[in-house]
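Work through the two exercises below with the model open. Each solution goes step by step.

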Amino acid sequence: MGEDFFPIKGYDHVEFYVGNAKQAAHFYDKTFGFTPLAKRGLETGCRDRASYVMQQGNVRFVFTSAYAPDHEVTRHCALHGDGVKAMALTVANVETALKEARTRGATVLKETTPEEDEHGTVVTAEIKYAGDTVFRLVERGNYRGAFAPGFQEIEAQRDASPVGLASIDHIVTNVYLGEMDFWADWYAKVLGFTNLAHFTDKDISTEYSALMSKVMENGTGKCKFPINEPAEGKKKSQIDEYLDYYNGPGVQHVAMTTGNIYDTVTELRSRDIDFLRVPDTYYDYMRERVGDVDEDWNRLQELGILVDKDDDGYLLQIFTAPVQDRPTLFYEVIERHGSRGFGIGNFKALFVSIEREQALRGNL
Ligand code: FE2
């Protein structure tokens, strides 16, 4: 293995463009248990957009909406609905990272931009990724403020009520048929990532739909980005449905880790988060397949948590329903016990469940 020419410290944040950032922030506060950290908007002197920074564990989400109809954020929402605009990665030096990426073929959308306030300096830059999604590079140095210059810290109004989400595990993109290899090569060439796993439609197919997936990870293995593309199926695949409603490629789901998936899911269910439900027969089959894991099968089944096992260990995971009206973005909660996989053994059972909901939407 050569030297890592694009060293990444980790995920910095994910920025969503939404129709109503104030209400989105409230939703993520009351349901997913994020705590308001900082904001910008008219009150802080930002005249064109409002943003709310929400945090839980090491997961930081930023929700942004604009004040004007012809604003980039408003147009993004009109076309895509609420969704992920930027995946931000923390790097030691934005200028060096951007230079490296540009030399290797990145399309630079925002040049190295330092911003300063009394707490220090934050440097950012952006490069184009699939569709209208971008990668944002963030250099925090010894910045001591709540988030970044221009943002005002939100004083805690009450005790936080987190659900145990600890960090981002991976972020998945859906692309059109034939584009997966292009973007996998792009990760390798531009960001120095390697291919961790490859699933073909032989691994992931049901009677109706099929998809192919490649998982790319950075040099340290901290950041993982699977890419899905639809494969020929009898009917419209869930990836096709996403692409139709998002009007292009974009982020399909963000997976977040927890140290106790039973508690996290119990809490999320009590706050009205909807999860995909697999048929009860799934548990008979899984108990046979991975039966020797030290888990409470009755509770797993009761909460709808999925299990998968590979040579390195096992994982527990669950998927939410889409979190907006368009059948686009959703979340995964994952607890890893050694496994570095993505639950391939669950895909089929899961797809049957997704297709059942797709049929209800009249899109199958
Ligand atoms: Fe996932």
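## Metal site and sheet

At 8% relative accessibility, His253 counts as buried (under 20% relative accessible area; exposed is over 50%, partly exposed in between; 1.4 Å probe, protein chains only). This is a predicted model: local features need pLDDT of at least 70, side-chain atom pairs count only at pLDDT 80 or more, and totals for chains, interfaces and linings use all residues. Residues are numbered from 1 along each chain as its sequence is written, and side-chain values use heavy atoms, with hydrogens and water left out.

**Exercise 1.** Find which residues coordinate the iron ion.

*Solution.* 
- Step 1: list the donors (N, O and S atoms within 2.8 Å of the metal, 3.2 Å for Na, K and Ca; water is not among the atoms, so sites may look incomplete). They are His170 (NE2), His253 (NE2) and Glu332 (OE), at 2.0 to 2.2 Å.
- Step 2: read their spacing along the chain, which is H-x82-H-x78-E.
- Step 3: His170 lies in β10 (165–174) and His253 in β14 (250–258), so the pair ties together parts that are 83 residues apart in sequence. Strands are DSSP runs (E, at least two residues), numbered from the N terminus.
- Step 4: check burial. His170 is buried, at 2% relative accessible area.

**Exercise 2.** Give the strand order of the open sheet and its edge strands.

*Solution.* 
- Step 1: trace the 8 strands: β11-β12-β13-β10-β14-β17-β16-β15, with mixed pairing. Two strands pair if DSSP finds at least two bridges between them.
- Step 2: β11 (194–199) and β15 (306–310) are the edges, each pairing on one side only.
- Step 3: β15 runs antiparallel to β16 (residues 313–319), joined by 5 bridges. Asp308 stands opposite Leu315 in β16.

How values were computed: Helix = DSSP H or I, 4+ residues; strand = E, 2+ residues; numbered from the N terminus.
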